[in-house]
Amino acid sequence: MLSIDRQTKIIQLLKQNNSVKVSELKKMFGVSEMTIRRDLERLEKHGVLIRSHGGATLNPKNNVDITFQKRNQRFVMEKEAIAKAAAALVNDGESIVLDAGTTTTAMTKYLQEKKDLVVLTNSLTVANELTHVQGITLILTGGNVREVTLSLVGSLAKDNLHRFNVDKAFIGTSGLCPVQGLTNQNMYESEVKKTMIDIARETIVLADHSKFHRVSFSCFSPLSAVHKIITDDQAPLDTVRKLREMGIEVILAATGPVKG
């Protein structure tokens, strides 16, 4: 079994039981204790779990909402590179939906030279950046305001989204896992994200390397619904290979010296 498959299974076990033991994992996978400890160390690095003597527990902070302002200060270079690569996929005359998030907000500066673009969004920050831009028709979903993420959610947002069909959806995620798919801390935001995917001909996920192997509270899409993933060049290459084997195009946005 590949390390990525073991780690994915460990995430599933943590989600079910909240904790795992090294001795049980060693027996389950038929590998050495050192191999299991390396797996747990890697998952801890990605914020999935907290290691303890003889095992690990699910990281409770993995399901805590972080304000837009705080998220906007994290992985700034990576998000900027991802945002630029994402905007390069947008053609004049297209209709797109932009999820509420720091990376989609960063995209807005690269969209301002586009022509005849329709932008549908539930993001107050995206709307603020694009309100006065010539050549862009901006449509807000409406809905209830979530102050922590500056997003619009609820039945009004979902119902209004269903009135449209768009060429491309650009979706952020709190967690990206080959088995659990795309997850988010808040179920109301997850419902809106799922609807955005439903109305789009092409789904493009924006996720910096810190989102890989994270599993948050609410699942909003399997990876089978995703066409492209744009991440940065620090993303784990074994996972990138796994995603490509699943038929997903993975774009590595360079933030420094290009890896292999």
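Mentor: Let us begin with burial, where buried means under 20% relative accessible area, exposed over 50%, and partly exposed in between (1.4 Å probe, protein chains only). Eight of the ten residues of helix H6 (residues 102-111) are buried, so H6 is largely enclosed by the rest of the structure. The buried residues are Thr102, Thr103, Thr104, Thr105, Ala106, Met107, Thr108 and Leu111. Helices (H or I, at least four residues) and strands (E, at least two) are DSSP runs, numbered from the N terminus.

Trainee: What kind of model is this, and how are its residues numbered?

Mentor: This is a predicted model, in which local features need pLDDT of at least 70 and side-chain atom pairs count only at pLDDT 80 or more, while totals for chains, interfaces and linings use all residues. Residues are numbered from 1 along each chain as its sequence is written, and side-chain values use heavy atoms, with hydrogens and water left out.

Trainee: How many residues has helix H5, and what is its reach from first C-alpha to last?

Mentor: An α-helix has 3.6 residues a turn, so residues three or four places apart point the same way. The expected span of a helix is 1.5 Å times one less than its number of residues. Helix H5 (residues 76-87) has twelve residues and spans 16 Å, close to the 16 Å expected. Its buried residues are Glu78, Lys79, Ala81, Ile82, Ala83, Ala86 and Ala87.

Trainee: Is aspartate 232 buried or exposed?

Mentor: Aspartate 232, in strand E14 (residues 228-232), counts as buried because its relative accessibility is 0%. Contact means heavy atoms within 4.5 Å. Leaving aside residues up to four places away in sequence, aspartate 232 touches Glu78, Ile82, Ala207, Asp208, His209, Leu252, Ala253 and Thr255. A polar contact is a pair of N or O atoms within 3.5 Å; within protein, one must be able to donate a hydrogen and the other to accept it, and residues adjacent in sequence count only if both atoms are side-chain atoms. Here a polar atom of the aspartate 232 side chain lies 2.8 Å from the backbone nitrogen of histidine 209.

Trainee: Why does threonine 137 count as partly exposed?

Mentor: Threonine 137 belongs to strand E6 (residues 136-140), and it counts as partly exposed because its relative accessibility is 44%. Threonine 137 touches Leu117, Val118 and Val119, not counting residues up to four places away in sequence. Serine 95 is 42 residues from threonine 137 in sequence and 9.1 Å from it in space, C-alpha to C-alpha.

Trainee: How many bridges join E2 and E3?

Mentor: Strands E2 (residues 49-52) and E3 (residues 55-58) pair in the antiparallel sense over four bridges. Serine 52 stands opposite glycine 55. Two residues lie between the strands of this hairpin, where glycine 54 takes a positive phi near 85°.

Trainee: Which residues touch the most other members of the largest nonpolar core?

Mentor: A nonpolar core is a set of buried Ala, Val, Leu, Ile, Met, Phe, Trp, Tyr and Cys residues joined through side-chain atoms within 4.5 Å. In the largest one, which has 27 residues, they are Leu176 and Leu243. A second, separate core of 22 residues includes Leu117, Ile136, Ile230 and Ala253.

Definitions and conventions:
Pairing = 2+ DSSP bridges.
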